[in-house]
Amino acid sequence: MPDAVVIGAGPNGLVAANLLADAGWSVTVLEEQNEPGGAVRHDRGVHPDFVNDLFSSFYPLAAASPVLRRMRLHEYGLRWSHAPHVLAHPLSDGRCAVLDRDVHVTAASLETFADGDGAAWRRLHDLWHDIHPDLLDALFTPFPPVRASARLAYRLRAGGALRLARSLLLPVRRLGEEEFDGEGGRLLLAGNALHADLAPEAAGSGGFGWLMALLGQTYGFPVPAGGSGELIQALVKRLNARGGTVQCGRTAQQITVRGGRAVAVRTADGDTVPATRAVLADVSVPALYGELIAPEHLPGQLLADLRRFQWDFATFKVDWALEGPVPWQAEQAAGAGTVHLADGVDELTRFAAQLAMHQVPDRPFLLFGQMTTADATRSPGGTESAWAYTHVPQTIRTDAGGQNISGAWSPAEQERMADRVEEQVERFAPGFRTLIRARRILAPTTLQSLDRNLHGGALNGGTTSLHQQLFFRPVAGTGRPETPVAGLFLASAGAHPGGGVHGAPGANAARAALRRRLPFPLTGAQRLLATRDRTGNKHHH
């Protein structure tokens with residue numbers, strides 16, 4: 001019997017499993033889908049000559065993550081690839097803000113929008129350069145991050161710490177206005193804030209936009225050579241080398257709790273997998289507390305608080321196989337792996353306001369990925385493997401585009417929304433649609449069917465807004481991977497620090513399990529009870 005059972009073979013689940021295996025634990029990972037990876041997978045489903053990522057593609061947080069760096073995944077085949085530029089944000093008038101790993105290139109781009117904005121970017125970069133090791137340690141460790149916060153406070157001293165805290169809490173519109181005279185720097189910050197569900201006027205969006213932009217400046221937005229799933233394959237190989245196993249096609253149906261402790265996982269096929277020391281759940285918060293654990297094992301206040309749990313926006317994605325490079329009107333966008341498509345900060349605000357009013361946006365803000373530009377192995381020479389995604393409300397009331405997209409996501413609705421996405425690309429790259437060899441539509445319902453954690457295509461395991469972060473994540477008074485059930489730990493993006501491929505929730509859960517492990521494995525009587533569960537006998541709680 002394994003010491004630990006991990007539910008879910010996404011990046012967080014696999015990181016958790018690896019760290020437990022490093023400590024000498026035997027680990028079994030149960031994955032519902034027929035392959036590991038969660039939202040980090042690729043295929044050739046658009047066209048046999050093109051590799052397309054199904055979900056996520058660019059991984060600045062993975063490149064920055066001390067958790068993943070210590071795993072030395074390059075020894076298991078992982079290789080990172082970079083586009084010439086990190087990110088571009090073109091405007092319809094031909095101007096373009098460019099984020100590059102060379103700070104001088106980024107600064108020169110912003111200087112074209114307003115004199116002095118290049119120097120303003122360098123000041124932001126200098127601050128980041130001084131504090132980012134401690135800041136990232138604080139971000140990726142369990143809340144509260146006492147040691148990292150103390151180092152950060154010492155480095156900044158009192159006055160500097162307060163000024164930084166104020167800047168991080170600002171709405172990104174205000175932060176951009178305070179730091180830059182022109183629109184270029186403001187676009188880099190605001191577009192990056194909308195990688196999460198943070199509107200330009202939302203408190204804390206300035207900090208998130210600054211973090212993502214400066215991560216890109218330092219680490220780039222790298223991609224795994226060959227496809228996003230190569231990151232997962234490296235994690236699986238590393239786990240296997242330490243004796244851990246991943247079982248795909250195994251749906252966890254219930255976590256068995258006995259004596260207030262998680263002791264096994266029952267699967268949909270009727271099997272029971274005992275866990276002699278811990279169960280770690282890389283699943284969504286509503287799934288863990290609303291499906292896998294019987295309510296009698298949970299405090300009433302937790303169940304009441306869960307009714308206030310907020311998902312992040314739903315996601316609509318289109319993948320393409322393109323006959324040639326995207327014909328950007330702003331030529332600087334051609335070398336960027338990621339391109340943000342919205343005609344200014346005001347258009348970002350308009351997009352976010354439509355989402356807040358439960359409207360399908362008529363001019364969707366797009367994150368556009370040029371995958372062959374970032375990794376030449378993704379498609380034949382002279383072509384481009386590409387995608388774009390946008391956000392839509394989880395619950396749709398009206399369609400601002402007047403096409404009656406209701407959220408039922410029938411084939412006809414999916415086609416209309418995909419056409420709208422392509423029309424937005426055409427605003428910045430006239431002639432784009434003539435290059436399409438094939439396309440694939442991934443509506444919110446499709447994304448959820450491929451990864452149950454992506455409720456309606458929600459990418460971050462719950463909103464990134466301040467009211468559901470830190471000690472409010474996943475609900476008020478939590479912020480750590482421990483749960484009310486002994487031996488059970490939340491290891492998904494629903495836990496602090498949240499979404500993104502960095503492995504921190506999984507690592508935090510594994511460390512918590514190791515700290516709180518049983519001094520000895522289960523007793524003989526407990527093993528016997530678990531074995532009886534496995535053979536189908538029922539136990540009443």
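Is G13 buried or exposed? G13 is buried, with a relative accessible area of 0%; buried means under 20% relative accessible area, exposed over 50% and partly exposed in between, using a 1.4 Å probe and protein chains only. This is a predicted model, in which local features need pLDDT of at least 70 and side-chain atom pairs count only at pLDDT 80 or more, while totals for chains, interfaces and linings use all residues. Residues are numbered from 1 along each chain as its sequence is written, and side-chain values use heavy atoms, with hydrogens and water left out.

**View 1. Welcome to the whole protein.** The protein has 18 helices and 21 strands; these are DSSP runs numbered from the N terminus, with helices (H or I) of at least four residues and strands (E) of at least two. Its radius of gyration is 23 Å, close to the 24 Å that the globule rule gives for 541 residues, so the protein is as compact as a globular protein of that length. That radius is taken over C-alpha atoms, and the rule is 2.2 Å times the number of residues to the power 0.38. The C-alpha trace spans about 75 × 55 × 45 Å along the principal axes. Of the 541 residues, 59% are buried. Among contacts (heavy atoms within 4.5 Å) with a separation of 6 or more, 73% link residues 24 or more positions apart.

**View 2. Here is strand β1 with its two partners.** In a regular strand the side chains alternate between the two faces of the sheet. Strand β1 covers residues 4–7, where A4 and V6 point one way, V5 and I7 point the other way, and all are buried. Strands pair if DSSP finds at least two bridges between them. On this basis β1 pairs with β13 (residues 278–281) in the parallel sense over 4 bridges, and I7 has A281 as its bridge partner there. Another 4 bridges join β1 to β2 (residues 27–31), again running parallel, with V29 as the bridge partner of V6.

**View 3. Now look at G13 in its surroundings.** This glycine sits in helix α1, which covers residues 11–22. Leaving out residues up to four places away in sequence, G13 touches V6, G8 and D282. V29 also belongs in this view: its C-alpha atom is 7.7 Å from that of G13, although the two are 16 residues apart along the chain.

View 4. Most residues other than glycine have a negative phi, and most peptide bonds are trans. N404, in the loop between β19 (398–399) and α15 (411–428), has a phi near 60°. W409 lies in the loop between β19 and α15 too, and its phi is about 55°. N404 is exposed at 64% relative accessible area, whereas W409 counts as buried at 7%.

View 5. E422 is found in α15 and counts as buried, with 2% relative accessibility. Setting aside neighbours within four places in sequence, E422 is in contact with W320, F432, R433, I436 and R439.

**View 6. Finally, find a cis peptide bond.** The bond from H496 to P497 is cis, and its omega is near 5°. P497 lies in the loop between β21 (488–490) and α17 (504–515).
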